[in-house]
Amino acid sequence: MATTAFEPIISGAWGQPKSWTLDHYRKRGGYEALKKALEMQPAAIIDEVKKSNLRGRGGAGFPTGLKWSFVPKDSPKPKYLAVNADESEPGTFKDRYILELDPHMMLEGIAIASYALGVHTCYVYIRGEFKFPAERTQAAIDEAYKAGIFGKTVLGKDFQLDCYVVRGAGAYICGEETALLESLEGKKGWPRLKPPFPAVVGLFGSPTVVNNVETLASVPHVFSRGSDWYAKLGTDKSGGTRLVCLSGTVNRPGVYEVDMGTTITQLIFDDKYGRGMPAGRKVKAVIPGGSSAPVLGADELDVALEFEALKVKQTMAGSGGVIVMDDSSCMVRCLWRVARFYAEESCGQCTPCREGTPWQTRLLRKIEEGRGEPSDLELLSNVASSIAPYPPIGLGNTICALGDAAALPTHSFLMRYRAEFEAHIHEKRCPFGDKPWGAFGDWS
Amino acid sequence: MAEPLFTPEEQKKFDAGIAEILSHYPPDRKSAGMLPALRLLQDLKGWLPPEGMRLVAKHLEVTPERAYEVASFYVMYHLKKPGKYVIDVCTNLSCALWGAEKMLAYLEDRLGLTAGESNEKFTLRETECLASCGTAPCLQVNEEHHESLTKAKLDELLAKLT
């Protein structure tokens, strides 16, 4: 796994021996930011995070300091921090590397956030399939307890903090923040209707902040080098650097830390990152932010991997998962794979999503196998619109955003690659024949 | 007389595990321990026998139906006894672009199983994204990831399992 980085803040220590240990982290200045934060008033900590322009790295990109400020200060109930380490969006695999290679960076972020929010219990919810990352995280937590970072006092300050790992059991929907809370409460992961938002009514009915792993790992840097420094690394509306996950048909897939100005073209072709396409292959399409992000065509890739710039292109930065498809890939089959995922992972609570996602999948399979009829494209579009119309993004007919996530790829693939769908129907077969996955379809 | 669910050794581990799990939650929120408690049971028995789920429910002070409801929602819990090795093959987009569908077909052929089927030794399943997109194609065997799989590497892995 290549980990070359432009401005390595989060990934700087990856690849170094024992980078995941407390000793190594401390030698790099680890937990100095926590010491600084513990000298500050909680409100001042939240202000610093606001000034840093740190935005959530889980997918929605919500400003972190603002989210923290929604927690009521005078609530008589205990407050909680829930770390969202339920990384499950196809194309996204960055948080895994933080948990495996530098978990203390996240733990320091947890301690700073907890102190700022008056939280005494934090749960790190890790997707069930992440056995090794969960073990590494638990080992780091154990080290932190022994070193007096967690426990009855935090680095000697009169402030108690406990931190527990909870492993999920295989349900993508639990990455949705309210479903995550339901799961933490020992239930099936059914998202809750919002409002009320978790900051007011969250875990066990108490105020709760849910933050992504990378978001919390970014927090110590805001305090070690200052919010101004952190804000300057990014754009006007988004501070810091980003981890992006490059996968699909490129020479060097991997997790790369980039500045907010790095374009998709640079990510794919630059020697520091993807090193281009395999010989004889061209880029056909790119999903820029995890499988739910609307697809971009090959002529749209000179766009920065940054929240606002991608929004202008009617897609999104999402979870940082960039998936590249080459010119021999069948778009119908690619979309079928994505659609199948959402059908499998729908929790079944809302009718449009429960019924619509398998319907999309069946229609796509039918078209891919050459059994499609001309009316199927209209039907497919209508089914997707019943789940979530397009545009706008984020106003679907379901309780949570999984419905949007399932419909957006369908709308965007149909919009950009309609001719390919029509060709399947007219030719009554897949025009890509027995190699629909492109150059790498011949696994050996 | 029915055979006891746990051996004395397993019973000890279960009791200690449940006590540890419950210590992580407020005393009036015992039911929050459901996921880790079911995992504990599955780690000990290899699956979730109904009498085990009833026991978990009793410790967590909920109905057995609630334990079943949760267990049946999540794909990693086994409501039936699986093969000794549970193989989950990711066939989502990034893995598929690196030939995962063909890798699954090869596995089906080698194991004599269709995805979704089990025999005493193997349970083969098609799964949705294991977050190994940069090291595709990928599968996991009993929750251990195996990444960047070529046919040679997969043959080597199968030789170890068989």
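Me: In chain B, at what angle do helix α6 and helix α7 pack, and how far apart are their axes?
Reply: In this predicted model, helix α6 (residues 100-111) of chain B and helix α7 (residues 151-161) of chain B pack at an angle of about 35°, and their axes are 12 Å apart. The crossing of α6(B) and α7(B) is right-handed.

Me: Which residues meet there, on α6(B) and on α7(B)?
Reply: From α6(B) come M103(B), Y106(B), L107(B), R110(B) and L111(B), and they meet K151(B), L154(B), D155(B) and L158(B) of α7(B). By class, the residues of this contact between α6(B) and α7(B) divide into six nonpolar, three charged and no polar.

Me: Stepping back, how many helices and strands does chain B have?
Reply: Chain B has seven helices and four strands, and from the N terminus on its elements run α-α-α-α-β-α-α-β-β-β-α. The C-alpha trace of chain B spans about 50 × 35 × 25 Å along its principal axes.

Me: Over to chain A, then. At what angle do the axes of α15 and α16 cross?
Reply: The axes of helix α15 (residues 375-387) and helix α16 (residues 402-416), both of chain A, cross at roughly 150° and come within 8 Å. That angle is why α15(A) is described as roughly antiparallel to α16(A), the cut-off for that term being an angle over 145 degrees.

Me: Left-handed or right-handed, that crossing of α15(A) and α16(A)?
Reply: The crossing of α15(A) and α16(A) is left-handed. On the α15(A) side the residues are L377(A), L380(A), S381(A), A384(A), S385(A) and I387(A), which meet G403(A), A407(A), T410(A), H411(A) and L414(A) in α16(A). The residues of this contact of α15(A) with α16(A) comprise six nonpolar and five polar, with no charged.

Me: Changing topic, how much space lies in the second largest pocket?
Reply: About 980 Å³ of space lies in the second largest pocket. It is lined by 37 residues, and the closest to its centre are R167(A), P36(B), R39(B), L40(B) and D43(B).

Me: Which elements give two or more residues to that lining?
Reply: For the second largest pocket these are α7 (131-146) and β3 (162-167) of chain A, together with α1 (8-22), α2 (34-45) and β1 (85-90) of chain B. The largest share of the lining, seven residues, comes from α7(A). By class, the lining of the second largest pocket has 16 nonpolar, 12 charged and nine polar residues.

Me: And cavities, how many are there of 30 Å³ or more?
Reply: The structure holds two cavities of 30 Å³ or more, and the largest cavity has a volume of about 70 Å³. Of the 13 residues that line the largest cavity, C347(A), C350(A), C353(A), T398(A) and C400(A) lie nearest its centre. The lining of the largest cavity has eight nonpolar and five polar residues, and no charged residues.

Me: What lines the second largest cavity?
Reply: The second largest cavity, with a volume of about 30 Å³, is lined by P90(A), G91(A), C90(B), N92(B), L93(B), S94(B), C95(B), C129(B) and C133(B). Helix α5 (residues 93-97) of chain B gives the largest share of that lining, three residues. By class, the residues lining the second largest cavity divide into six nonpolar, three polar and no charged.

How values were computed
Residues are numbered from 1 along each chain as its sequence is written. Chains are lettered from A and ligands numbered from 1 in the order in which they are written. This is a predicted model: local features need pLDDT of at least 70, side-chain atom pairs count only at pLDDT 80 or more; totals for chains, interfaces and linings use all residues. Side-chain values use heavy atoms; hydrogens and water are left out. Axes are lines fitted to C-alpha atoms, for helices over the stretch in contact, and angles run from 0 to 180 degrees between N-to-C directions. Angles under 35 degrees count as roughly parallel, over 145 as roughly antiparallel, 65 to 115 as roughly perpendicular and the rest as oblique. A crossing is left-handed if the near helix is turned anticlockwise from the far one by less than a right angle, and right-handed if clockwise. Contact means heavy atoms within 4.5 Å. Ala, Val, Leu, Ile, Met, Phe, Trp, Tyr, Cys and Pro count as nonpolar, Asp, Glu, Lys and Arg as charged, and the others, Gly among them, as polar. On a 1 Å grid over the protein atoms alone, a cavity is a set of points where a 1.4 Å probe fits but cannot get out, and a pocket is an open set with protein on both sides within 12 Å along at least five of seven lines; lining residues have an atom within 4 Å of a point. Grid points are joined across faces, edges and corners, and a volume is the space filled by probe spheres set on the points.
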